[in-house]
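User: Hi! Could you walk me through this structure?
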Amino acid sequence: MRHTPHYLMTDPDEVRRLIRNNPWATIVSPSSTGLVASHYPVILDESADGPDITILSHFGRPDDRLHELGRHEILVIVQGPHDYISPSWYAPGELVPTWNHVTAHLYGTPEILDEEENYAALSLLTDHFEQDRPGGRSLAEDEQATRREAKGAVSFRMRVDRFDARAKLSQNKAPEVVDNVIDHVGEHNPGLAEEMRRVR
């Protein structure tokens, strides 16, 4: 990503918040046959000790083999709210549009989980996304059947060795311009408007 100091997001807690609120990620691997990308949900491993960011996810087979999972560093891209910013929302005479976004690139080498850990991770992922749904389901409702299904997935834990994160949210504009952008963006993208309010 472009290196602009006032857009840098360096606080690990802000990156954790981004992951919690935007769990659908793009996972990129530099495999021996070239770059490979897949898309899977990621959640924070809240049980991990220490200050590091640790994520849990899974691959469906045979994606794990395509990515050569566990053999090298991977890139996990988490994309938060984003949108086109029209120069019509700026002062007269400003003509260059831009794109506001909140994005994190997470780097690390995944640890492949064994069969028991795989089932536990898949259960945790399911429970995470089902917990607030009316009539939410659990893999534990039919453990025998869901354990068979779990063999088609490979779960992993990844401690983030480093991250590169940006919150490009019109910080380079005058306060009255930012307010105007927030008003316009908020009409169709309230999540991005809220992120802009947070950094203002």
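Predicted model: local features only at pLDDT ≥ 70, side-chain atom pairs only at ≥ 80, totals over all residues.

User: What share of the chain is buried?
Analyst: Buried residues account for 45% of the 200 residues. The accessible surface of the chain is about 11,000 Å², and carbon and sulfur atoms contribute 52% of that surface.

User: Let's go to H5. Which residues of H5 are buried?
Analyst: They are Val177, Val178, Val181, Ile182 and Val185. Helix H5 itself runs over residues 175-186, and its 12 residues reach 16 Å from the first C-alpha to the last, close to the 16 Å expected at 1.5 Å a residue.

User: Why do the buried ones end up on the same side of H5?
Analyst: Because the buried residues cover an arc of only 140° around the axis. In general, an α-helix has 3.6 residues a turn, so residues three or four places apart point the same way.

User: What do they pack against?
Analyst: The buried residues of H5 pack against strand E5 (74-85) and helix H6 (190-199).

User: And which residues are exposed on the other side of H5?
Analyst: Glu176 and Asp183 are exposed there.

User: Switching to charges: how far apart are the mean positions of the positive and negative ones?
Analyst: They are 3 Å apart, with 21 positive and 33 negative charges in the chain.

Note on methods
Residues numbered from 1 in each chain as written. Heavy atoms only, no water. Helix = DSSP H or I, 4+ residues; strand = E, 2+ residues; numbered from the N terminus. Expected span 1.5 Å × (residues − 1). Buried < 20%, exposed > 50% of the residue type's maximum accessible area, 1.4 Å probe, protein only. Arc of directions from axis to C-beta. Contact = heavy atoms within 4.5 Å. Areas by Shrake-Rupley, 256 points an atom, 1.4 Å probe, with all protein chains shown as cover. Lys, Arg positive; Asp, Glu negative; His and termini not counted. Charge placed at Lys NZ, Arg CZ, Asp CG, Glu CD.
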